Amino acid sequence: MKKLICILICLPTIGFGQDLNLTERIKSLINREKKEQNNIIQEKEKRNEKPKLVVGIVVDQMRYDYIYRFWDDLQENGIKRLVNEGHFFRNCQFGYVPTYTGPGHASIYTGTTPSVHGIIANDWYDKKSGEYIYCAGDGEMHTVCSCHEKKIDIVASDGKMSPHHMLTTTFSDEIKLFNSKSQVYGISLKDRGAILPAGHAADGAYWLNNKAEWITSTFYMQELPKYIEEINASNPAYTYLKGKWEVKGEFSHNLDDLFSQGSKSIKSTPFGNTILKDLALEIIKKENLGEDKHTDVLTISFSSTDYIGHQYGPHAPEIKDTYIRLDKDIADILNTLDKRIGKENIILFITADHGVVSEPSELLARNIPAGYFDKNLMINELKEHLMRKYNFSSIENANECIANYSNNHLFLNHEYISRNSNLNIKEVRQTCADFLLKYEWVKNTYTADQLHKNEYQDSFHSLVQKGYNQKRSGDVIVNLQTGWLSSHWESGGTTHGSSFSYDTHVPLIFWGGGIPQGITDRKVNIRDIAPTISILLGTSYPNGCTGNPLPEVTK
């Protein structure tokens with residue numbers, strides 16, 4: 001209106017015939033001004049509108065460089081569409097070690113690291129009981145399956161699961177805390193890939209059992225929805241495990257032979273991802289996700305990439321073909337979201353739970369430092385060293401000192417050491433840490449005292465510290481050199497878990513309504529995803545969150 005007042009004041013005296021002209025011009029200016037103001041108001045309202053659906057996609061064992069390695073073979077409506085229309089963070093790092101599936105999924109959705117959320121590995125040694133704890137295991141629960149009249153199988157162990165070992169909330173838990181009408185579902189071939197992302201307050205989580213049937217746990221429900229039972233009855237594994245999985249001139253695998261070994265073998269083919277995509281589309285449809293004003297959440301974790309990656313390694317043609325097929329599955333998801341909900345009503349992100357190292361044999365063939373090590377040899381020699389240093393009468397005394405070695409964590413027997421007047425727990429820790437440095441494959445060692453009393457910033461030391469949980473982690477943590485794996489992998493295949501870029505550097509793309517297109521190359525962390533989603537939704541951060549929202553997509 002200020003513009004119009006200025007015009008009226010500044011207008012010269014004009015004749016009667018011109019006054020009509022002036023009136024029309026003033027009306028036009030007023031209408032234009034009102035239209036501009038309405039547009040501004042609508043834009044503000046649009047920005048304040050919450051998305052109807054949040055979709056989190058995690059690709060198990062996806063290295064950052066896969067995006068560009070396979071780019072020319074990808075179609076336009078899948079990963080390329082996400083990159084071209086969304087915001088691509090090309091320097092996303094995990095910011096802790098170990099880079100395993102359980103910790104990865106927990107960190108993405110809780111916005112923090114194992115030091116806080118407590119998922120320090122897929123499974124870990126429990127200091128109190130002397131037993132192993134599985135990250136999603138829960139003996140109080142039972143399997144909910146397509147088991148005819150009973151619905152619940154109290155014998156089967158594959159459904160004795162829940163997120164109770166995860167000590168903090170996810171961003172979807174924070175949504176559910178204040179809006180019980182929001183729906184949250186998590187799905188994966190792996191139980192941990194479905195359960196940990198969905199969080200504690202989810203409406204449901206589904207994963208495959210050993211018969212390639214979708215199951216869940218009594219933590220969520222007492223019987224499967226009818227549409228899940230119908231999917232199980234159609235035997236989707238049999239639908240896809242027919243003929244051959246092949247690329248001419250590269251490889252050929254007989255799918256009929258795989259099916260004869262058990263329908264669960266679909267996990268080790270690209271079609272495991274496809275049946276998961278089919279389930280995702282069915283859940284969106286049957287649960288009416290994103291179709292009302294309450295924000296829903298669907299978490300999808302594609303696991304076949306991990307099974308195939310472990311078996312064949314990142315250089316294999318099988319892994320390339322797997323990603324080309326996964327790209328088509330992602331395109332199907334995007335197409336369905338477009339039609340049912342609309343891009344403008346969706347926030348979607350895609351990332352990975354970890355990367356993977358090249359097979360040491362591949363590295364050695366190119367004169368790159370790498371190798372395989374025998375952890376049993378290492379621990380046996382450590383026991384001999386302890387026997388000599390502390391004048392033990394036999395090797396059995398040294399055996400008593402060491403309770404367990406797993407996940408590159410050394411656990412000492414505190415009870416035995418406290419009973420022995422010649423031993424001091426801090427000294428024994430340091431003795432072990434110093435001794436283990438002698439091996440070629442060991443880069444660093446850390447004691448529990450060192451990690452608890454010091455605070456490291458932006459270094460390999462800080463990665464180890466952020467993966468260290470005082471109650472659950474070991475007395476000495478071993479950090480391996482680049483390119484080294486356990487001798488278990490010497491016969492073929494590869495794995496992950498290190499603090500190095502091949503395991504910690506993963507892609508991160510945000511896409512959907514209000515997400516500006518662009519590329520960011522500054523370093524961001526995987527723990528930044530959850531607070532970013534929280535800002536976009538206007539909800540509280542997860543209660544253990546240590547990440548920061550990404551202004552490139554929140555402003």
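At what angle do helix α9 (residues 226–233) and helix α12 (residues 271–286) pack, and how many Å apart are their axes? In this predicted model, the angle between α9 and α12 is about 150 degrees, and their axes lie 11 Å apart. Angles over 145 degrees count as roughly antiparallel, and α9 and α12 are therefore roughly antiparallel to each other. The crossing of these two helices, α9 and α12, is right-handed. On the side of α9, the contact is formed by Tyr227, Ile228 and Ile231, and on the side of α12 by Leu279, Glu282, Ile283 and Lys286. Classified by residue type, this contact of α9 with α12 comprises 5 nonpolar and 2 charged residues, with no polar residues.

A second pair of helices was examined in the same terms. Helix α5 (residues 101–110) packs with helix α8 (residues 191–198) at an angle of about 25 degrees, and the two axes are 8 Å apart. This angle makes α5 roughly parallel to α8. The crossing in which α5 passes α8 is right-handed. Within α5, the residues Thr101, Gly102, His105, Ala106 and Tyr109 take part, and they meet Arg192, Gly193, Leu196 and Pro197 of α8. The contact of α5 with α8 divides into 4 nonpolar, 4 polar and 1 charged residue.

Attention then turned to empty space in the structure. Rolling a probe the size of a water molecule over the atoms shows where such space is left. The largest pocket has a volume of about 910 Å³. Its lining consists of 43 residues, of which Tyr100, Asn407, Asn408, Thr495 and His496 are the closest to the centre of the pocket. Several elements each supply at least two residues of this lining: the strands β3 (123–125), β15 (402–406), β16 (409–412), β18 (476–480) and β19 (484–486), together with the helices α13 (304–312) and α22 (501–504). Strand β18 gives the most to the lining of the largest pocket, with 4 residues. By class, the lining of the largest pocket contains 21 nonpolar, 16 polar and 6 charged residues.

The volume of the largest cavity is about 30 Å³. Met62, Ile67, Ile350, Thr351, Pro507 and Ile509 line the largest cavity, and the elements that give two or more residues to this lining are β13 (346–352) and β20 (505–512). The lining residues of the largest cavity divide into 5 nonpolar and 1 polar, with no charged residues.

Two features of the backbone were also noted. Most residues other than glycine have a negative phi, and most peptide bonds are trans. The peptide bond from valine 97 to proline 98, in contrast, is cis, with omega near 20 degrees. Proline 98 lies in the loop between β2 (87–93) and α5, and α5 is the helix that packs with α8. Glutamine 61 has a phi near 70 degrees, a positive value in a residue other than glycine. The location of glutamine 61 is the loop between β1 (53–59) and α3 (66–69).

Technical notes:
Residues are numbered from 1 along each chain as its sequence is written. This is a predicted model: local features need pLDDT of at least 70, side-chain atom pairs count only at pLDDT 80 or more; totals for chains, interfaces and linings use all residues. Side-chain values use heavy atoms; hydrogens and water are left out. Axes are lines fitted to C-alpha atoms, for helices over the stretch in contact, and angles run from 0 to 180 degrees between N-to-C directions. Angles under 35 degrees count as roughly parallel, over 145 as roughly antiparallel, 65 to 115 as roughly perpendicular and the rest as oblique. A crossing is left-handed if the near helix is turned anticlockwise from the far one by less than a right angle, and right-handed if clockwise. Contact means heavy atoms within 4.5 Å. Ala, Val, Leu, Ile, Met, Phe, Trp, Tyr, Cys and Pro count as nonpolar, Asp, Glu, Lys and Arg as charged, and the others, Gly among them, as polar. On a 1 Å grid over the protein atoms alone, a cavity is a set of points where a 1.4 Å probe fits but cannot get out, and a pocket is an open set with protein on both sides within 12 Å along at least five of seven lines; lining residues have an atom within 4 Å of a point. Grid points are joined across faces, edges and corners, and a volume is the space filled by probe spheres set on the points.
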